[in-house]
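Hello,

Here is the structure for your files. My notes follow below it.

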Amino acid sequence: MENYDESIMVYCPYNKEHKMLRKKLQQHILKCREIHKDTVELKVCPFNKIHLIPEPEFFQHVKFCEDRKIIVQYQTSAAAVINDDTKHAKIESEENWDDVNVPDYDPQAYCSSANIVREPNGLFPSQRKAFIKEENRRRFGDDYDNEEQPKKNKSQEPRKGNRPMPYDRNSSNRR
Ligand SMILES: [Zn+2]
Ligand SMILES: [Zn+2]
């Protein structure tokens, strides 16, 4: 296998009689191409653009190019082909893919034991009421339960036919 020591001698792809240091090759090729471009067509190696190969040797070079294995190796390791064997069914979200002996994080369970204020978001009114009650008991202790907050008397019957009026205090004392 070639190494990339720039002091090694290489041959010009246009003319094997041109021999030079590897580091001189590219510069030489630029000049030599001007001379040979009408007679020799060099093709660029698909694996390394500094490999310029005369047409007759191109196929052979591509087959055995030293950079080919690097690229092929990279491609097979990086881009796995997806076929029926590698496809899998939809992953259930409940599954715990972390291989640790720690229970799943449950925000509700965490909050119920932590000293933080929760908001009853996303609950139905009855759930919300129970939540607030439970929450107050959690935060203020069991004896909170007996201290009902003063209720607003908002359970008046809606009056039929009448729109609820703002500041409609007198309507309850009908004349
Ligand atoms: Zn040359
Ligand atoms: Zn090559």
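How many helices and strands does the secondary structure of the protein come to? It comes to five helices and four strands. Both are DSSP runs, numbered from the N terminus: helices are H or I with at least four residues, strands are E with at least two. Along the sequence the pattern reads β-β-α-β-β-α-α-α-α.

This is a predicted model, in which local features need pLDDT of at least 70, side-chain atom pairs count only at pLDDT 80 or more, and totals for chains, interfaces and linings use all residues. Residues are numbered from 1 along each chain as its sequence is written, while chains are lettered from A and ligands numbered from 1 in the order in which they are written.

The overall numbers: of the 175 residues in the protein, 3% are buried. Buried means 20 or more other C-beta atoms within 10 Å of the residue's own; exposed means 12 or fewer; partly exposed is in between, with C-beta atoms placed from the backbone. Among contacts with a separation of 6 or more, 15% join residues 24 or more positions apart. A contact needs two C-beta atoms, placed from the backbone, within 7 Å.

Now His51. It sits in the loop between β3 (42-44) and β4 (52-54). His51 counts as partly exposed because it has 18 C-beta neighbours inside 10 Å. Beyond its neighbours within four places in sequence, His51 contacts Cys45, His61 and Cys65. Val62 is eleven residues along the chain from His51, and their C-alpha atoms are 9.7 Å apart.

Last, helix α5. Its 16 residues (125-140) reach 22 Å from first C-alpha to last, close to the expected 22 Å. That expected span is 1.5 Å times one less than the number of residues. Gly141 follows α5, with a positive phi near 100°.

Best wishes
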